[in-house]
Amino acid sequence: MQFPLRSSPQKDSALKNTEPIIKFENFSFYYGKKKVISDVSFPVYKNSITALIGPSGCGKTTVLKSINLLYRENPEARAEGKIIFEGVNILNDKYDVVELRKKIGMVFQKPNPFPGSIYDNVVFGPRIFGVKNRKKLNDICERSLKLAALWDEVKNDLRKSALNLSGGQQQRLCIARTLALEPEVILLDEPASALDPFSTLKIEDLMYQLKNNYTILIVTHNMQQAARISDYVAFLFAGEDMIARLIEFGKSNEVFIKPVKKLTEDYIVGRLG
Amino acid sequence: MEKNNLLVERPIKCRIRYKYILDKAFKEVTLLASIISVLILAFFLGGIFLKGYRWLDWQFLTGVPSRFPEKAGILPALIGSVWLVILTAAFAIPLGIAAAIYLEEYSKKGVLSDLINLNISNLAGVPSIIYGIIGLAVFVRFLAFDRSILSGALTMSLLILPVIIITSQEAIKAVPRDQWEASLALGATKWQTIRHAVLPSAFPGIITGIILALARAIGETAPLITIGALAFIVNIPRTPMDPFTVLPIQIYNWASRPQKEFSEVAAAAIIVLLLLYLILNATAVIFRKKTEKRIR
Amino acid sequence: MVDDKLKKNIFIVNFSRPAERLIEWLLALSASLSILTTLTIVSILLVESYTFFKEVPVLDFLFGTEWKPLYTPRSFGVLPLVAGTFITSLIACLIAMPFGLLTAIYLSQYASKKIRSIIKPLLEILVGIPTVVYGYFALYFITPILKNFIPQLNVFNALSAGIVMGIMIIPVVSSISEDAMSAVPRVLREGAYALGATKLEATFKVVIPAALSGIIASFILAISRAFGETMIVAMAAGSTPVLTLNPLQSVQTMTGYIVQVSLGDTPFGSIGYKTIFAVALLLFLLTLILNIIGKTLVKWRRTTY
Ligand SMILES: Nc1ncnc2c1ncn2[C@@H]1O[C@H](COP(=O)(O)OP(=O)(O)O)[C@@H](O)[C@H]1O
Ligand SMILES: [Mg+2]
């Protein structure tokens, strides 16, 4: 079987740092009585890009929402097992949700800019953490927008409504908004699925840039994208019982070229062919 | 790219504490605000009950108004209210449902039906006393029905028609259309399909709307005052052309008198009125529960 | 799925085509009745007001500061009635807007499904209680209570009428605002939480701005409701048309005046009788404008998200 994908040499060099920043240990998840994820364990390595792949409905979004405890906003939802971050199990009730979310940012599937100006969107996080100094906020805004590769497009329109931006710009604004809080980990839930191919490429580029300073966990349906940008890949799959399990985890250049499990291969090939 | 942390790290911990406290406190504030109106109301209702329950007896229910509070009764007002609600229902229900069916099933969606819908929603917002003035000019004067139950019921029908139309429209809209095509395919005409495949499912929703509209009709006071229903009525109305009074107006009349006893008699009449109102509401709630079950 | 009952019915009752047409015409007639109603309201108010304005100049009516239409020397300045309506409605809004908004926040952001299903029907009952009962509350409960704190309070006063009216329209504000806030997409709120916002912050910085047009609509529709409210003000606010904004004083509203004339024996066709049509026209226009603005805002919100 022929795979058109080859990992680039510089990507391998990025893998030298193998210290996990987040570790899932026997993680299971329930919505009410319904179990949706069962016994998942895998690490997320620092300053790398980990891609989370799998058919829709297999719990990828749920995994992301568990890492920043966003699932707690749903009274029905319940998590079991451990998610270790900074040496602590964050699923333990005592963990401070607000502080955690400051350190772990999230970008959603559909761009969700807040009503208000571009500027207000970017400095939303710093403001609620008490930064009031104008100069400081301006600096944060400029730096975040530059990081998100949006600065040049909007620098003269910072006071205009964020809702008037194009879809791709809105999504980069949401990334900038997340970066403004200087998170350590960024979770991206199919960030390009609602965007045109050109915007998609821009966002991929951006992630490549960000990898040096941030840890990125990205959910994607696009196998080519996953193969292009990720260092590690985790494949989730829900069988007939509709409960998702981790089928395979490994370095992208290994999993995409020579998957261990037949299921992974089928999924990747089905997606590619 | 160097990560230069622009945020002040140190005060974050205590700031977060403070955020949580504020969040919790605010939740309690909103909860309090939500129940305070209900609590105030409960307090008032309790007060009214204490004020009026002593006057509630057989003589009060079957007696006629009197200059002496201990002899005062609500029978003519009660009968007037019943007459009014029945006649109003007889006019407004068929017209309201028919209009809703037309707007949902027959009228072509376009400028005209938008206009009618807009018109109906505006009619629903017209202050009730303006309906009273129209009733005075049209039914009492122009059609010379005088200050009769008929005038009152026609006025009240105009008032509650928009409510019935709007709620019936919602109920018809909510009916799933899986039977619709099957019925047409069997050769049924449009009206037969509506009659047998749509209306039965919409029925509980329509009934809910009608009952709530009638609950409003039973409590409305201002438009009836305007058409002149505040006669001192000692005769029980026997035909739709008789002069009449209704419970709310009787209450208003008693509440406006200076003697303390009459304010208590008014409280007793309020208890009766509220009972009627609550019974109607409870019925509506039951029907609504039924609708919700059907849709699920 | 077509059940047998349905099948049977269709074949038993088979209308001929003309009957179908007739039914459609009858239905259309019923629907057009609403247009007829509007036309009747507008034409009666306009015609009767026209004969009134032939005797009293429009400007004297709109900007005159003295309202003495029934006894000579007459004067027909409607401003005192407008002031009465304004002050009672203002007090009502000062009560209903904050409480209604906080209730909407609680119901849409904090309350569990179960608590919602208890509180919402209670609020619906609140808004439907006959207004004559609220008038009684104002006159026999609120005024005496207030008098303990404010000895100079008149027996009939704008304050207690306004307060009770405010309690009554809390559900108007809360139900429309709650709809607007519940319609804010969940991802928007989650976006705020993901940035470390608490519920309070997400509510004030994201949900309320996103639902603003609906919230403003609820305020406007509540004002309109307060303008048109009759029994509470007729019973508790008094019948003294004075140009004042002092809430402790007895005032008269536009609606209160119409009730007063209806109760008296003003001869049909007299100038006193015609005044109620002019006042009603003014009230109709004011509430119509408010309703149109409010409903447009509600619709506009529906199309923006
Ligand atoms: N709020 C919820 N309540 C109940 N079930 C849910 C909820 N959200 C997701 N699920 C279920 O959990 C499973 C995983 O969903 P999700 O994490 O959104 O999958 P993915 O992101 O991979 O498409 C699905 O079967 C979905 O039906
Ligand atoms: Mg998903």
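The legends below describe close-up views of a predicted model. Local features need pLDDT of at least 70 and side-chain atom pairs count only at pLDDT 80 or more, while totals for chains, interfaces and linings use all residues; side-chain values use heavy atoms, with hydrogens and water left out. Residues are numbered from 1 along each chain as its sequence is written, and chains are lettered from A and ligands numbered from 1 in the order in which they are written.

**View 1. The residues around ligand 1.** The shell consists of residues near the ligand, that is, with a heavy atom within 4 Å of it. Tyr31(A), Lys34(A), Val36(A) and Asn74(A) belong to this shell, together with Ser56(A), Gly57(A), Cys58(A), Gly59(A), Lys60(A), Thr61(A) and Thr62(A). By class, the shell has 3 nonpolar, 6 polar and 2 charged residues. Here Ala, Val, Leu, Ile, Met, Phe, Trp, Tyr, Cys and Pro count as nonpolar, Asp, Glu, Lys and Arg as charged, and the others, Gly among them, as polar.

View 2. For Lys60(A), a polar backbone atom is 2.9 Å from an oxygen atom of the ligand. In Cys58(A), a backbone N or O atom is 3.2 Å from a ligand oxygen atom. On its own, ligand 1 has 560 Å² of accessible area (Shrake-Rupley method, 1.4 Å probe), of which the protein covers 66%. Strand 2 (34-45) and helix 2 (60-67) of chain A each give two or more residues to the shell. Helix 2 of chain A supplies the largest share, 3 residues. Helices (H or I, at least four residues) and strands (E, at least two) are DSSP runs, numbered from the N terminus.

View 3. Most residues other than glycine have a negative phi. Asn47(A) is found in the loop between strand 2 and strand 3 (49-53). Asn47(A) is partly exposed, with a relative accessible area of 25%, whereas Met242(A) is exposed at 59%. Buried means under 20%, exposed over 50%, and partly exposed in between (1.4 Å probe, protein chains only).

**View 4. The two domains of chain C.** Chain C is divided into domain 1 (2-54) and domain 2 (67-304), with bounds from an automatic or database domain assignment. Their C-alpha centres lie 33 Å apart. The contact (heavy atoms within 4.5 Å) takes 10 residues from domain 1 and 9 residues from domain 2.

Note on methods
A polar contact is a pair of N or O atoms within 3.5 Å; within protein, one must be able to donate a hydrogen and the other to accept it, and residues adjacent in sequence count only if both atoms are side-chain atoms.
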